[in-house]
Each structure stands twice: as structure tokens, then as C-alpha cells.
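Here is a short briefing on aromatic ring pairs. Look at the sequence and the model first.

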Amino acid sequence: MKPKIIALEEKKIVGCKQSMNYAAYNPVPLWQSFMPIKKEIVNTIGSDLFSVQQFPEGFWTAFNPETIFEKWAAAEVSAFENIPPNMHTLMIPGGWYAVFEYKGDGSDAPAFFEAIFSEWIPNSAYVVDDRPHFEILGSKYKKGDPNSEEEVWIPVRLKTL
């Protein structure tokens with residue numbers, strides 16, 4: 001497990017959001033509401049989809065699966081203009097991200113994320129930063145397919161002494 005460390009410039013996204021937690025995690029209804037109307041978004045940049053998690057401050061320092069966070073199904077845009085009804089905007093601030101490649105049908109995603117947060121981060125020079133986390137679902141993403149690929153972006157900052 002070796003991520004790329006990338007300096008991200010801020011991103012504007014438009015999409016649907018829903019409050020949820022990991023104890024009762026079910027993003028399917030969110031994506032079912034977003035996919036039929038995503039074509040209404042103007043000013044899109046590329047065709048990648050963004051699966052974003054906006055956690056409350058300190059979420060990862062005192063992890064509790066019952067803690068509510070915002071989950072987004074979204075697309076990147078160049079400007080926040082003509083936002084479709086029932087959609088929202090989010091600015092993802094720039095900063096450092098650890099970018100992991102995930103390949104699989106999603107069945108081992110919990111173990112993949114557990115390894116990031118319990119193994120890679122504690123043994124790295126970084127800590128998790130309080131900015132949105134996201135996955136980029138690009139051309140190699142195929143829901144439920146064992147050959148599916150996506151990028152997992154975890155916001156990080158250098159540990160302070």
C-alpha cells in the first residue's frame with residue numbers, strides 16, 4: 001500500500017448529498033437519486049464522478065461508526081452557475097492528499113480503508129486533515145466488477161512534533 005502524495009488545487013463539485021453514518025452505511029439511494037439527473041449539471045469538467053465524504057472535525061481522531069457525516073454523489077464543475085434543483089455545491093479546498101488505487105468489486109473496501117487508517121497513516125509522516133475525502137470514479141470504474149478501479153483521495157498534512 002503505497003499512495004501518491006498529490007497537492008490538489010481546490011475543486012468545485014455539484015451533486016446530491018445525504019447524511020449517513022458507517023453503522024448503517026447505504027449510499028445506493030443517494031446514487032440512485034443522482035444518476036438520472038446528473039446530465040442537468042452544466043459546466044462539468046470531464047466525465048469522472050466524485051463520491052465525497054464530508055466528515056465533522058475530529059471524526060478520525062475519535063472514530064465512532066454512529067457519527068453522522070455528509071455523503072455526496074457529484075461531478076466536478078468549472079463554475080457554480082445554474083445549479084439544478086435538488087442539487088448542492090461544495091468547494092473542496094486545496095491541499096495535500098494521499099491517493100490510493102483501489103481495484104475490486106467493493107466487497108473488500110472496508111478492509112482496504114481500515115488498512116489506510118490503522119496501518120498506513122500511523123506509519124507515515126502524515127495525519128488525516130479535516131477536509132473532504134473522496135473517490136474518483138473514472139473510466140475504469142465498473143460498479144460491482146472485480147476489475148473495477150478507482151482513486152481514493154485522503155486529505156493529509158505533515159505530523160507536527
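The structure holds 23 aromatic pairs. Rings of Phe, Tyr and Trp (its six-membered ring) count as a pair if their centres lie within 6.5 Å; planes under 30 degrees apart are stacked, over 60 edge-to-face, and the rest tilted. This is a predicted model, where local features need pLDDT of at least 70, side-chain atom pairs count only at pLDDT 80 or more, and totals for chains, interfaces and linings use all residues. Residues are numbered from 1 along each chain as its sequence is written, and side-chain values use heavy atoms, with hydrogens and water left out.

**A pair within one helix**
- Tryptophan 31 and phenylalanine 34 form an edge-to-face pair, because their ring centres are 5.8 Å apart and their planes are at 85°.
- Both residues sit in helix α1 (residues 28-34), three residues apart, so about one helical turn separates them. Helices (H or I, at least four residues) and strands (E, at least two) are DSSP runs, numbered from the N terminus.
- Tryptophan 31 is buried, at 16% relative accessible area. Buried means under 20%, exposed over 50%, and partly exposed in between (1.4 Å probe, protein chains only).
- Phenylalanine 34 is buried too, at 0%.

**A pair between two strands**
- Phenylalanine 50 and phenylalanine 134 make a tilted pair, with 5.5 Å from centre to centre and 40° between the planes.
- This pair links distant parts of the chain. Phenylalanine 50 lies in strand β3 (residues 44-54) and phenylalanine 134 in strand β8 (residues 133-137), 84 residues apart.
- Phenylalanine 50 is buried at 2% relative accessibility, and phenylalanine 134 is buried at 0%.

**A cluster**
- Ring pairs join Tyr22, Tyr25, Phe55, Phe59, Trp60, Phe63, Phe69 and Phe117 into a cluster.
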